[in-house]
Amino acid sequence: LRQKTDEFEQIISSMNEGLILLDVHGMVLSMNQAAKRIFSVTDSKTNCDFLTIDRSIEMSKAVNDALNGKHSEFRAQKNGNEYQFDISRIESGGKTLGAVILGFDITDKAFAERNRQEFTANVSHELKTPLQSIIGSTELLENGLVKPEDTARFIGNIKNEATRLVSLINDIIRLSQLDENNAPLAEEFDVADVAKEVADTLSSVAVKKNVTLEIKSECCMISGVRRYIYEIIYNLCDNAIRYNVDGGKVTVDIRKEN
C-alpha cells in the first residue's frame with residue numbers, strides 16, 4: 001500500500017496540470033505541486049475543506065455538480081494566468097467517493113483565441129468596405145444614375161476595389177499558411193530587380209499623383225521569399241506616393257551595408 005501511495009505521489013507531483021482529490025464532503029485528500037502553484041498554497045493543505053482554498057461561487061458550483069454526477073468545466077484567472085478546470089466525480093460500485101479537479105494552463109491558447117476572434121472581426125470589416133463600394137457603384141450604373149462622362153471613373157473604382165479584395169484574400173491565405181507552418185521556400189534573388197518591378201507597377205499611380213518615383217540601387221542578392229519582399233517594397237512605395245505632396249518625390253535606395 002505504501003509503495004502504491006509513493007508511486008501515485010511521484011506521478012502526480014511530476015504533472016504540469018494541477019490535480020486535487022476531494023472526498024464526498026469536499027475535503028482535500030491530495031493536492032499536487034502544480035495545483036498548489038495555481039491556488040497559491042504554501043503548506044500541504046490536506047484534510048481541509050476545499051472552500052478554504054478557493055471560495056469562488058463558480059468553483060463551488062462545479063464541485064457540487066461533480067459530486068452529484070455531472071461533469072463540470074469552466075475557465076478562470078489565477079495569478080495572472082488563465083486556467084481551464086475540469087471537475088469529475090470519482091465513483092466505485094455506483095457509489096460516489098469524491099471528486100477530482102484538474103487545472104490546465106490555457107493562457108497561450110486563450111490569447112491565440114482572442115487574437116483569432118479579433119482577426120476575424122477585422123477581416124470581416126476590411127472585406128465589407130470594398131464590397132460595399134463595388135455594390136454601390138454597380139447599383140448606380142445599373143439604374144442609369146451615372147453620367148456617361150463619369151462611367152469610366154465608376155468602372156475604375158470597381159476595378160480598384162476588386163483588386164483590393166483579391167489582395168486581402170491573398171493575405172488571409174498566406175496568414176493561414178504561416179499559421180499551419182507552411183511558409184513558402186526561400187530563394188536567392190536581387191532586391192534591386194524587385195524594386196524596379198515595383199516601380200514599373202506603380203509608375204501610373206505616381207504620374208496621377210504628380211510624384212516622382214526613383215530607384216537608386218546596386219545589385220543586392222539575398223535569400224528570402226521574393227513575393228514577401230515585393231509586397232514590403234510595394235506597400236512602402238504605394239503609401240509614400242499616395243500620402244506625398246503635389247510634385248513630391250519617392251526615392252528607393254538599395255545598397256549593401258554591413
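A residue counts as buried under 20% relative accessible area, as exposed over 50%, and as partly exposed in between. These classes are applied here to a predicted model. Glutamate 7 has 34% relative accessibility, so it is partly exposed. Lysine 4, at 59%, counts as exposed. The two side chains meet in a salt bridge, with an N to O distance of 4.0 Å. Both residues lie in helix H1 (residues 2–13), 3 residues apart, or about one turn of the helix.

The structure holds 13 salt bridges. Arginine 164 pairs with glutamate 126, the closest N and O atoms being 3.6 Å apart. Arginine 164 belongs to helix H5 (residues 151–179) and glutamate 126 to helix H4 (residues 107–142), so this pair ties together parts that are 38 residues apart in sequence. Glu126, Glu161 and Arg164 are linked in a network of salt bridges.

Helix H6 spans residues 191–208.

At the start of H6, a side-chain oxygen of aspartate 190 comes to within 3.0 Å of the backbone nitrogen of alanine 192. Just after the helix, asparagine 210 adopts a positive phi of about 55°. A salt bridge joins the side chains of glutamate 197 and arginine 226 (3.3 Å, N to O). Glutamate 197 lies in H6 and arginine 226 in H7, so the pair ties together parts 29 residues apart in sequence.

Conventions
Residues numbered from 1 in each chain as written. Predicted model: local features only at pLDDT ≥ 70, side-chain atom pairs only at ≥ 80, totals over all residues. Heavy atoms only, no water. Helix = DSSP H or I, 4+ residues; strand = E, 2+ residues; numbered from the N terminus. Expected span 1.5 Å × (residues − 1). Polar contact = N/O pair within 3.5 Å; in protein donor to acceptor, adjacent residues only side chain to side chain. Buried < 20%, exposed > 50% of the residue type's maximum accessible area, 1.4 Å probe, protein only.
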